[in-house]
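Open your viewer and get ready to select residues as we go. We will visit a helix pair and then a few charged side chains.

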Amino acid sequence: MSDEPIELRMSNGRMAFGDVPEQIDELLQEAVKARDVPDACEALLWEAHRKGPRVLPVFYALYKFYFNRKKLGEAERVARIGLDAAALQGGFPADWSQLTAGSTDWTAAGPARFFLFTMKALAFIELRRHNRDRALAILAKMAEIDPADQVGYGTIAALARGLGDGLDGEGGAA
């Protein structure tokens, strides 16, 4: 794994952020172009959030921004806010420890998938912060509610199990 940002390019060269309103997408595209100027990139991401506070991909862009800059506290904070937003939109509990396989249709795109993906990111953030037990708890819940591993948390789980007491905190973002 590396610290390089995930790049999801569309055929027109723009980054793929999913189904977002055009004005929000424009801000996200500007943030991508400004990523070598962290203050400008961060300001654009927060502007996107102000204009679309319920647009889930904005949370992804924000926690990824902070993670890639090794600002793990900020990455965790944004990821948790994103979990709350997804749960509210999806109609299921925001507290991941209360979730069950029947809490929602975990195979559905949208808030449920975003929630799973953000749980995976949160587990990885916990690993990077040397909180292996917390990461393993999140990953165990993911295995319970998403046994098909739709978002690839198994890779993070294998890393967490393999690191054991020798956790060094290195690696890339979820």
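Start with helices α6 and α7, where α6 passes α7 in a left-handed crossing (the near helix is turned anticlockwise from the far one by less than a right angle). This is a predicted model, in which local features need pLDDT of at least 70, side-chain atom pairs count only at pLDDT 80 or more, and totals for chains, interfaces and linings use all residues. Residues are numbered from 1 along each chain as its sequence is written, and side-chain values use heavy atoms, with hydrogens and water left out.

Select residues 132-145 for α6 and 153-163 for α7: their axes come within 10 Å and cross at roughly 145° (lines fitted to C-alpha atoms over the stretch in contact, with angles from 0 to 180 degrees between N-to-C directions). Now show side chains: R132, L136, L139, M142 and A143 of α6 meet Y153, I156, A157, A160 and R161 of α7 (heavy atoms within 4.5 Å).

K141 is buried at 12% relative accessibility, while E144 is partly exposed at 41% (buried is under 20%, exposed over 50%, partly exposed in between, with a 1.4 Å probe and protein chains only).

Next, select E76 and R129, which meet in a salt bridge of 2.0 Å, N to O. This pair links distant parts of the chain, 53 residues apart.

Methods:
Helices (H or I, at least four residues) and strands (E, at least two) are DSSP runs, numbered from the N terminus. A salt bridge is a side-chain nitrogen of Lys or Arg within 4 Å of a carboxyl oxygen of Asp or Glu.
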